[in-house]
Amino acid sequence: MIKVTSPDLMKINNKKQILELIYSEKNIYRAQIAEMTNMSNQTITNLVKELLNEGIVKEVTIENKSKGRNPMALSINNENICSIGVEVSVEKINVGLFDVDGDMLVDRTYKRQDDIGNVLDIVKDLLEQVISYADKKRILGIGISIEGIINSLSGLVIKSKNLGLDGVNILKELEYLGIPVLIKNDVNMLAETDYGKQLLNNYMLIKLDSGIGAALVLDGSLLKSSQTVGEFGHVRIHSIDEPKQCECGQKGCLTTEASITAIEKKSGLFLESFVEQYKSGDSRIRAIIEDVSRYICEPLINIITLLDLERVIFTGKLVNSLGDEFIDSISQYIDRSINSFSSYKDLKILKNVNVIERCAGYVFYDYFLNWREHL
Ligand SMILES: [Zn+2]
């Protein structure tokens, strides 16, 4: 229930509600808005007029031959609204400007090779370049995905692997741009932009990459009560013969055995050659991956049972590279180990995700559909 305590708030609430309907219905008539809300026709006329003047909304004609000429419908003004997505990962920094239909208008990428450079300066530079392509007033926001442990509310990066951003407050650093910024850990950003598609209430998204992270959707919402929730890479694996020291201070964490970094160390090969040998059936590499699957499955079975998860979704570069066979072996392991009264249904793969498109899409989602959280 929304508590509206002043005429101003009431107006913002009504305006946002109209925008939400126009965004989710694509094309809608004023009369339909009146039917779907309890606002008076006069209120709707006035607020729509404001939205038209602001350029957020436009009038469109919908052809209907049988009924002759229809009144003008309303839709989001695609030419006047855009958002920016930013991916900050160990490999690259990618910034793109998107319209409300998800089409990319311009992008800039910085590949991080030997010379790591100052990540924050690069992000600022790429953002400034991309922003210069649009009327700043029309950019609804910037959505940023960062590999690491992030406090999304304050914008503070607690721990970022090899990015040199520990202790940096991204929201404060980007304040000078004058555009709202939404920041999330990479896995949470994926989960936030994905759960509408899963149509399930309880599931876990796991990213297997140079590090390992996870996001949990429980009772239909992303679990975000703590900044380190979903640190699947730091669950302890007890069946490891010689537990290795982890950066978190403990020994024998999953990430010390099953991350790309760990597999590269163990095999003495970079990912590309490692994957080649795995696919050609090399027995040493096959054995390493069998161990990796087992280490992932041991804690995963317990989490599925404890939270009664319906689905597990895997994503990340290790999943993209090793392909279906690797994921099938994990799926079979779960099927063999799960108890008979569990709600667990299946395992899915999320391959080759366009992260900046997701981030830009999250800005639209937050602006048009998630506004009640900010009232
Ligand atoms: Zn650890």
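1. Confidence. pLDDT is the predictor's confidence in each residue, on a scale from 0 to 100. Helices (H or I, at least four residues) and strands (E, at least two) are DSSP runs, numbered from the N terminus. Over the protein the mean is 90, with 95% of residues at 70 or more. Where pLDDT is low, the predicted coordinates should not be read in detail.

2. Basis of the note. The model is predicted: local features need pLDDT of at least 70, side-chain atom pairs count only at pLDDT 80 or more, and totals for chains, interfaces and linings use all residues. Residue numbers start from 1 along each chain as its sequence is written.

3. Overall form. The protein contains 14 helices and 14 strands, and its C-alpha trace spans about 75 × 50 × 45 Å along the principal axes. Two residues are in contact if their C-beta atoms, placed from the backbone, lie within 7 Å. Among contacts with a separation of 6 or more, 61% join residues 24 or more positions apart.

4. Domains. The assignment, whose bounds come from an automatic or database source, gives domain 1 (7-79), domain 2 (81-191 + 355-368) and domain 3 (201-344). The centres of domains 2 and 3, taken over C-alpha atoms, are 27 Å apart. Contacts between these two domains involve 13 residues of domain 2 and 14 residues of domain 3. On the domain 2 side, strand E7 (149-151) and helix H6 (186-192) each supply at least two residues, and H6 gives the most, with five. That side divides into seven nonpolar, three polar and three charged residues; here Ala, Val, Leu, Ile, Met, Phe, Trp, Tyr, Cys and Pro count as nonpolar, Asp, Glu, Lys and Arg as charged, and the others, Gly among them, as polar.

5. Core. A nonpolar core is a set of buried Ala, Val, Leu, Ile, Met, Phe, Trp, Tyr and Cys residues joined through C-beta atoms within 7 Å. The largest one has 90 residues, and Ile84, Val86, Ile144, Leu205 and Val312 have the most contacts inside it. Helix H14 (residues 355-368) contributes nine residues to this core, the most of any element. Beyond its neighbours within four places in sequence, Leu205 is in contact with residues including Val187, Leu190, Ala191, Ile313 and Thr315.

6. Two single positions. Is Leu165 buried or exposed? Leu165 is buried, because 24 other C-beta atoms lie within 10 Å. This residue sits in the loop between strand E8 (156-159) and helix H5 (170-173). Outside four places in sequence, its contacts are Val119, Leu120, Gly148, Val157 and Ser160. Lys15, in helix H1 (residues 7-25), counts as partly exposed because it has 19 C-beta neighbours inside 10 Å.

7. Helix H3. Helix H3 (residues 41-54) has 14 residues and reaches 20 Å from first to last C-alpha, close to the 20 Å expected at 1.5 Å a residue; the expected span is 1.5 Å times one less than the number of residues. Gly55, with a positive phi near 85°, follows H3.

How values were computed
A residue is buried if 20 or more other C-beta atoms lie within 10 Å of its own, exposed if 12 or fewer, and partly exposed in between; C-beta atoms are placed from the backbone.
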